[in-house]
Amino acid sequence: MPPTFQSALTARYRTGLPAALNHPAVTGLLGHRSVRSYDSRALPEGTLQTLIAGAQSAATSSDMQAWSVVAVSDEGSRGRLAEMAGNQNHIRQCPLFLVWLADLSRATRVAERAGQSLETTEYLESFVSASIDAALAAQNAVVAAEAMGLGTVYIGAIRNRPLEVAEELGLPLGTVALFGLCVGFEDAAHPAAVKPRLPQSVVLHHNRYSTAGEAESIAAYDEASKAFQSEQGQAVTGWSSRVVARYGTLKALGGRHELAHWLTLRGLNRR
Ligand SMILES: Cc1cc2nc3c(=O)[nH]c(=O)nc-3n(C[C@H](O)[C@H](O)[C@H](O)COP(=O)(O)O)c2cc1C
């Protein structure tokens, strides 16, 4: 049975439910889960085009549409990308792997055709702006996919070995692969669960940033997080210790501490 708005809200927050307004589209958002296990069903014809239509309907900074996406259906290529991204098997398993790019190369080509050159594409502001565009587009595709009964999971680990990814996908200078996205039908034998989020009081600030009550709210959330981890058969650490582990050491970045360097190599980090 599909979840009601209230049951979806409870699954998302577990404790301290916000007084949110019931809306079917929001019920859909509340049901998001990252799916890391796919069955062998092929995607219905037209799925990719539908996802991209959703993606292209997102807002885009100054209408620059400074993103592109590479749809990787080739098994060999998905296998190599899986290996580059920490050997994540779901990249091999899913029928469609989308790699989302910050893309300033198209603007450069547009200018060249007009006999012009561009002063700003190499500056970090352009990269950040293109990255925001790509993330908004990708999330629209995720929402569309979930509405169509498909599962997805983002893959940030393709930034571990960005130059090899660029080579694999034939990316021109002025483009950077930001993250991947697995798309497919979830394997019903291994369903993913809704992961609880921080209480709204922690992330929502009214008029001015405030940390009042934060420690207590995060302590309560750590308990909800531990309950979730235990239900899922994961190591029971809570959320706070994951934050410390993830941000605590350069090693945890899996090579991504070199971001500024490789952006320079990709022609996107002049300042
Ligand atoms: C930009 C980004 C990169 C991510 N990279 C990975 C990844 O490489 N592998 C993976 O299994 N999950 C990845 N995830 C999924 C997150 O781990 C997941 O969204 C988070 O744990 C919350 O779980 P949920 O999506 O099921 O609510 C990524 C998510 C985002 C937004």
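In this predicted model, the ligand takes up the space of the largest pocket. A shell of 13 residues surrounds the ligand, and the closest of them are His32, Ser34, Arg36, Gly156 and Lys195. Strand E3, which runs over residues 151–155, gives the largest share of that shell, with three residues.

For Ser34, an N or O atom of the side chain sits 2.6 Å from a ligand oxygen. With Gly156 it is the backbone that takes part, as one of its polar atoms is 2.7 Å from a nitrogen of the ligand. Ala157 also uses its backbone, with an N or O atom 3.4 Å from an oxygen atom of the ligand. As for cover, the ligand on its own would expose 620 Å², and the protein buries 67% of that.

The largest cavity has a volume of about 40 Å³, and its lining is made up of Pro162, Leu163, Ala166, Leu171, Thr175, Val176, Ala177, Trp262 and Arg266. Helix H8 (162–169) and strand E4 (175–184) are the elements that each give two or more residues to this lining. Sorted by class, the cavity lining holds seven nonpolar residues, one polar residue and one charged residue.

Methods:
Residues numbered from 1 in each chain as written. Predicted model: local features only at pLDDT ≥ 70, side-chain atom pairs only at ≥ 80, totals over all residues. Heavy atoms only, no water. 1 Å grid on protein atoms, 1.4 Å probe; cavity = no way out; pocket = protein on both sides within 12 Å on 5 of 7 lines; lining within 4 Å. Points joined across faces, edges and corners; volume = space filled by probe spheres on them. Helix = DSSP H or I, 4+ residues; strand = E, 2+ residues; numbered from the N terminus. Nonpolar A, V, L, I, M, F, W, Y, C, P; charged D, E, K, R; others polar. Near = heavy atom within 4 Å. Polar contact = N/O pair within 3.5 Å; in protein donor to acceptor, adjacent residues only side chain to side chain. Areas by Shrake-Rupley, 256 points an atom, 1.4 Å probe, with all protein chains shown as cover. Sits in = over half its atoms within 2 Å of the grid points.
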